[in-house]
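Please read this briefing beside the sequence and the 3D view. It goes through the strands, the helices, the cores and a few single residues in turn.

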Amino acid sequence: MHKLRFFSGIALLALSATACGLTAASPERDVVVPAEPTMIDFVDPAAVAGLSTRTLTDGHYAGSRYVHISYPEFQNAPALNRALRADAQRKWRDFRGRTKGRTAYSRPELNVDWQLAAASPQAIAVRLRTGEFQGAGWAYSTRTYWFDRRSGKVAESAGLLDGGPALRQLAQLVREQLKGRGSQVEREEVSAGGDRFDSMAFNRGGDLVVEFDDCEIGPCSLGRLAVAIPAERVRPLLSEFGRRAQDSVREAARRAPIRRPETAPAESPQAVSNRAGTVDCAKAKCVALTFDDGPGPYTAKLLDILRKDGARATFFVVGSNAAAQPELVKRMSAEGHLVGNHTWDHKDLSKQATSRITDSLARTEDAVSAAIGQRPSLARTPYGTANQAVRDVAAELGLALVDWDIDVKDLFADKAGDIADLAVRKAHPGAIILMHDIHRETVDAVPDILKRLRGKGYSFVTVPELYGSAGMQAGHLYRSGSELPGKRPLT
């Protein structure tokens, strides 16, 4: 079984896989290349006090596009929060416009995830990584926002430099670095204009890492290109804030050197509710409330509601969110809920190669195991897509796949009452109810759902409790605890 792969305190991403900074076409995993100057040490978001995650999503309904945009939110950084929210909304709006009229079967997909390139008393840097799939594979772009804690202002990456002349000098330095990369690299495309320098950050030594989007300065087959401008050469070009940001990254690296575990930790046991078995669903009317895409800004309130009522639920967490907010995941488990696997970054698994499917599920398994000391035994695929390759990987990883038979359609619901009405009207013994704890209206609807269904004699249990002694089999798909005689899986 897969072991923990997180490094102590800092997650690493090598922006290139060779000494010259040329990446593979579609990098999906953290790759450690110790001597690579374009490698950035990303800060562990769980170590940043007051950080939470926000999510925009679409795709559960016929004809809609697949969209999952995640970004962080910080205490005491309102300007940065506004900038990240505006960026997310703009990406969604532009994607809708560019894919308008696409037929439902083609299902274009937009996915945005993030990392912290810096988080210090001086500066925060959020690197947004945008992937688009429109039938011919994934294409990626990056943009890094910088926040000056001293002034409370947000700058795009070019704000690290001291104006237009410095940006033009940087462009010249980058062109020099690109010499020898081959005739396919279009060095003349590197200029101070446009968005060529929209993703820049510092490595451990203070070198300025400049990365380019797929297809931006060369054929798409090259993937992303990145160069590192030595610290001493870029220092005279930096703005006052840029110098403070550079110094803060160097200082953070000095205080928190990279440490790698020499041996893999022991395999964690399967996750179970610590209150499982207190309800016999062969005799009682049971329903399973399930919550996807968190943890998010409303998850703590939801846990308060469930604890007060004595109800338990199943949470299918997104791995990157779980890694950023492990205390919420830990609380889920401690309070009797079951934590399930909703992949690392919420991409449609049916479009992925087997290795990518394995990677996304296994990384989430690692994040959950790190938080609660147990590995998930259940998974829910993003958008409910599960082809044979997904089922085979799930079987290999020991994961039963969980769908749903009641969707409260809360993604775009404006009123908590509408969500509660639908849930109560459609509820039946053995139901698996799909909800999303990333939405305020959903969480606001839960007290009414609990009260009204309690009044009808229902008990609220985790998904495996619906199946009792029959259990759940890895690699099989389950939609309802009452769909088939003997509570056997659908497939």
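This is a predicted model: local features need pLDDT of at least 70, side-chain atom pairs count only at pLDDT 80 or more; totals for chains, interfaces and linings use all residues.

Residues are numbered from 1 along each chain as its sequence is written, and side-chain values use heavy atoms, with hydrogens and water left out. Helices (H or I, at least four residues) and strands (E, at least two) are DSSP runs, numbered from the N terminus.

- Two strands are said to pair if DSSP finds at least two bridges between them; β6 and β7 run antiparallel and are joined by eleven bridges, with alanine 125 standing opposite tryptophan 146 in β7.
- The hairpin of β6 and β7 has four residues between the strands, and glycine 135 in this hairpin takes a positive phi near 105°.
- β7 also pairs with strand β8 (residues 153-156), in the antiparallel sense and over four bridges, and here aspartate 148 stands opposite lysine 153 in β8.
- Four residues lie between β7 and β8 in their hairpin, where glycine 152 in the turn has a positive phi of about 75°.
- Nine of the eleven residues of β7 are buried, so this strand is largely enclosed by the rest of the structure; buried means under 20% relative accessible area, exposed means over 50%, and partly exposed is in between, with a 1.4 Å probe and protein chains only.

**The sheet of β9, β10 and β11**

- Three strands form an open sheet in the order β9-β10-β11, with antiparallel pairing.
- Its edge strands are β9 and β11, each of which pairs on one side only.
- On average, neighbouring strands of this sheet are turned by 25° against each other, direction ignored; axes are lines fitted to C-alpha atoms, for helices over the stretch in contact, and angles run from 0 to 180 degrees between N-to-C directions.
- Three bridges link β9 and β10 in the antiparallel sense, and the bridge partner of phenylalanine 202 is leucine 208 in β10.
- Helix α2 (residues 163-177) packs on the sheet and touches β9, β10 and β11, its direction making about 115° with that of β11; contact here means heavy atoms within 4.5 Å.
- Glutamate 216 lies in the loop between β10 (208-211) and β11 (226-229) and is buried, with a relative accessible area of 13%.
- The side chain of glutamate 216 makes a polar contact with that of arginine 196 at 3.3 Å, where a polar contact is a pair of N or O atoms within 3.5 Å; within protein, one must be able to donate a hydrogen and the other to accept it, and residues adjacent in sequence count only if both atoms are side-chain atoms.

**Helix α4**

- Helix α4 (residues 240-255) has 16 residues and reaches 23 Å from its first C-alpha to its last, close to the expected 22 Å, a span defined as 1.5 Å times one less than the number of residues.
- Its buried residues include Phe241, Ala245, Val249 and Ala253, and what covers the buried residues of α4 includes β5 (109-119), β6 (123-133), β7 (138-148), β9 (200-202) and α3 (231-234).

**Nonpolar cores**

- A nonpolar core is a set of buried Ala, Val, Leu, Ile, Met, Phe, Trp, Tyr and Cys residues joined through side-chain atoms within 4.5 Å; the largest has 58 residues, and those with the most contacts inside it are Phe315 and Met435.
- Helix α11 (residues 440-455) gives the most to this core, with six residues.
- Apart from this core lies another, of 38 residues, among them Leu178, Phe197, Ala201 and Ala228.

**Backbone features in loops**

- Most residues other than glycine have a negative phi, and most peptide bonds are trans.
- A cis peptide bond, with omega about -5°, joins glycine 294 and proline 295, and proline 295 lies in the loop between β12 (285-292) and α5 (299-309).
- Aspartate 293 lies in the loop between β12 and α5, has a positive phi near 80°, and counts as buried at 0% relative accessibility.
- Tyrosine 383, in the loop between β15 (378-379) and α9 (388-397), has a positive phi near 65° and counts as buried at 7% relative accessibility.
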